[in-house]
Amino acid sequence: MSKAFSKKHLFLCLAISLALLVAGAFVFGFLGFSEDSTVRDETVVRVNGFVSQLSEEDRGEFIDFCENYIESEGYGVITVRYARDTSWTDGACEFVIAASADAYEQAELDALSEGLDTAIGTLTSDQIPDIETWVDLGIHVTVVESENTFFADYAWRAAVAGAAVLVIAFAYAAIRFRPGMGLGILVGGVHDVLLTLALIALFRLPVGVTLIAVAAFSLLTSLLFNFAVFGRMRSNFRSEDWKELPAREAVARSVKESRRTVFTGAIVLAAVAILIGVVGVVLGLDLAYAMIGGLLAVIVSAYSSLLFVPALFAAIKARTDKRRAERAKYDYVSDRERKKREKAEKQAVGAEE
Amino acid sequence: MGKGKSVLLIVIVTVVLAGLLFIGFTPSFSVGVQNFKSLLSGVDLGTDLGGGYYTVYYPEGVLSASDYAIEDEETQSEYSQYKGIYLSNEIYDAETQTVDEEFVSEFDNAVAAIRARFDQMGFVNCSVALENDYTVRVSIPVVNDNVSLQDMFTQLAYSGSLHITDSTIDTSNAERRAEVWDSSLVSGAGVAGADTGYAVAINFTSEGRTRFAELTSSMVSSSDDSSSSSSATLYIYVGMNQVLSVSVTEEMDQDTIYISGNFDTREEAQAIASVINSVLDEDDVFDLDMTYSYIYEFAPTMGENTAVWVAAVVGVLFLAAIVFALAKYKGMGLAFTYGFLTWMLALLLCVSLIGGIVVDFGGVLAIVLSAALMTGFSYYAYSNIRGEFATGKTLTASIKSGFKKSLALTIDAHIVLAAASLVLWLVSTGTVAFMSLIFLIGTLLSAACTLLVNRFYLYMFMAQPKNKIAFCSFKREEAEDDE
């Protein structure tokens with residue numbers, strides 16, 4: 001008999017998941033999710049005005065000059081951005097110097113702003129062609145403390161939608177497959193989404209609105225993998241040979257058969273996540289972090305559909321089979337009783353005759 | 001299927017697919033004065049993959065550093081520096097460093113209203129952030145070329161209440177005199193399709209309907225009295241800003257009115273509807289003028305050219321799926337190749353041609369997941385066919401029973417995933433809504449391709465080879481020797 005989906009195995013899976021969930025919840029509770037550049041608060045040195053009139057090459061030199069000045073003043077530049085006004089009148093170079101809105105004293109920031117303004121004023125056309133003209137016309141330095149807002153509305157609506165999806169999936173699987181399988185899909189879906197979020201919190205992966213997309217991806221992947229496994233189980237359990245197998249053995253064999261399907265799907269999805277993640281490392285780290293989140297979702301869903309959910313279903317099936325067998329046993333006893341009674345009645349009738 | 005018919009079908013399908021591949025993926029080029037743009041380049045992208053626009057709103061009494069610099073000395077003396085901006089001395093006491101509470105309260109209302117309006121626009125990855133405490137920075141993704149960004153950003157920051165009136169409002173006194181239409185009269189506004197472009201739909205409560213009927217009735221009768229023209233003009237204002245006007249020729253006694261201005265795009269009509277919805281609750285109305293100087297265009301937040309690279313990676317993986325299928329399933333792999341291309345092109349057509357679909361990071365995940373769905377269930381069917389043949393069935397019987405064997409699970413998985421994405425699309429907003437919509441389309445196309453199109457292609461190709469078994473690379477299970 002297979003030991004793959006014993007009670008011990010289920011408890012081990014539950015313990016691992018619970019430990020990770022509690023740790024993730026703890027980290028989230030105290031620190032929240034780590035925020036990426038799209039949603040985090042920032043302190044930014046903004047240099048805007050006729051920067052837009054510089055050629056791309058000259059603007060590159062201008063940006064280098066500003067960045068070097070800011071760093072020479074002891075501030076680290078995390079990101080440099082450039083945005084151009086749609087009418088080409090104004091251009092804004094932004095130097096992110098802190099990933100929070102209150103990292104420095106106002107006096108320090110004012111001094112930095114004034115210092116950079118003065119330094120730009122000293123630039124000559126030998127260094128950057130025509131810069132003096134553009135500075136005269138107007139290039140301004142300001143320090144901006146930006147406070148982003150949490151995407152609570154998006155998150156809540158997605159959570160409600162996710163809950164509705166799980167209820168529908170449970171109902172469908174319970175009616176089409178078996179109630180135990182429906183329960184497995186429901187628990188698996190909740191488990192996968194929460195565990196993915198817990199791991200993202202634990203690993204301090206910087207995420208923005210992409211977090212909700214990753215959670216939705218995790219839910220859909222979980223449904224796909226679990227349906228693949230339970231679909232195989234359903235077709236196997238229909239055959240008479242399988243009906244005679246013990247619950248855990250039958251579940252283990254079915255999982256073994258569907259392992260290839262799940263692995264193929266997981267490998268394809270993981271390959272996409274890794275390749276796009278590598279692109280992200282080169283182009284922009286936000287993409288890489290988001291893809292790591294996607295990769296975690298795939299790993300968790302594969303683990304859950306091959307180990308955790310089958311172990312849970314095996315426990316449910318073992319109990320259901322046992323109850324069914326007992327019911328059959330009671331029927332058997334009552335049948336014997338009935339036969340005894342019939343025999344006794346016949347004897348009684350015979351005696352009377 | 002006969003050989004001749006099969007050849008004809010193969011040629012037609014190949015030509016159609018090749019044509020669609022050309023239209024779908026060829027890089028843009030010029031032909032004379034015309035520019036050819038591929039379907040792929042027409043896909044709308046979120047701010048993370050395609051960049052977008054942002055602007056900074058300055059409330060009344062707040063100046064940017066650059067605006068402050070160009071003011072004369074007298075005006076400058078009326079302002080004091082607060083972080084990187086300048087606040088009017090009327091609202092900011094530089095000595096005590098305190099900001100007027102009334103201003104703060106009005107500003108908070110303004111931020112909440114602006115956020116609600118941009119949320120209602122349904123932009124993916126839209127963000128509203130505070131800068132230096134008293135300015136608002138709003139970022140949106142790239143929008144339809146026909147949308148006037150200036151108009152949209154201006155309208156979405158309109159202050160004041162809703163007025164539906166028979167005369168223009170051109171002074172603040174007139175605004176005060178005009179009747180305020182709030183949630184007791186108007187239940188909401190939305191967007192509806194019109195004969196040309198879009199219309200704004202305004203829904204009235206029963207009290208509002210009566211009031212509106214009275215208003216239009218009096219307008220018609222007064223226009224008949226004046227008799228210079230047979231119609232009167234009804235104006236809809238938010239504060240001092242006229243957002244809509246409509247010609248009234250008869251009494252309008254209805255729950256909903258549709259006003260088709262010159263709205264070529266849904267966004268333009270939605271902007272007006274969003275503004276109307278945000279001023280129905282009296283507590284949400286603000287009276288602070290919010291202005292902006294520039295609208296900036298910014299690069300994708302996930303890095304320059306990210307969309308191109310992501311498309312390349314996804315393309316390589318799609319190619320890998322096709323090569324794997326060809327190597328493993330031979331003839332069936334060929335049918336899969338055609339089926340997969342059909343799925344891919346149909347999805348591209350839907351995503352690029354259905355208005356309002358935006359592909360962002362979530363959209364990429366949805367495309368990849370639906371591709372995995374399509375590939376996985378096609379492979380599953382082919383494995384079953386191969387398995388059936390190995391047990392000794394004839395080729396035709398194997399194909400039939402192989403497809404039949406995989407039917408139940410394929411249908412179940414597609415139904416559940418389609419239902420799941422439909423619910424997510426209907427309930428969610430922003431990135432998840434677009435992601436689910438793309439996945440919904442991908443799943444429906446995957447179902448069609450896996451259950452019908454792939455099978456059709458397989459029969460189409462199977463008519464050609466003499467040795468069909470070798471074409472599909474089928475092998476029988478070796479019979480065990482009886483001892």
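A residue is called buried here if 20 or more other C-beta atoms, placed from the backbone, lie within 10 Å of its own. Helices are DSSP runs of H or I with at least four residues, strands are E runs of at least two, and both are numbered from the N terminus. The model is predicted, with local features needing pLDDT of at least 70 and side-chain atom pairs pLDDT 80 or more, while totals for chains, interfaces and linings use all residues. Residues are numbered from 1 along each chain as its sequence is written, and chains are lettered from A in the order in which they are written.

In chain B, helix α9 covers residues 266-278. Because 12 of its 13 residues are buried, α9(B) is largely enclosed by the rest of the structure. The buried residues include Glu267(B), Glu268(B), Ile272(B) and Val275(B).

Further along chain B, α12 (residues 361-390) packs against α13 (residues 395-427) at an angle of about 150°, with the axes 7 Å apart. The axes are lines fitted to C-alpha atoms over the stretch in contact, and angles run from 0 to 180 degrees between N-to-C directions. The two helices are therefore roughly antiparallel, a label for angles over 145 degrees.

Chain B also meets chain A: 61 residues of chain B are in contact with 65 residues of chain A, contact being C-beta atoms, placed from the backbone, within 7 Å. Elements giving two or more residues to this side of chain B include α10 (306-329), α12, α13 and α14 (430-462).

Key. Parallel < 35°, antiparallel > 145°, perpendicular 65-115°, else oblique. Expected span 1.5 Å × (residues − 1). Contact = placed C-beta atoms within 7 Å.
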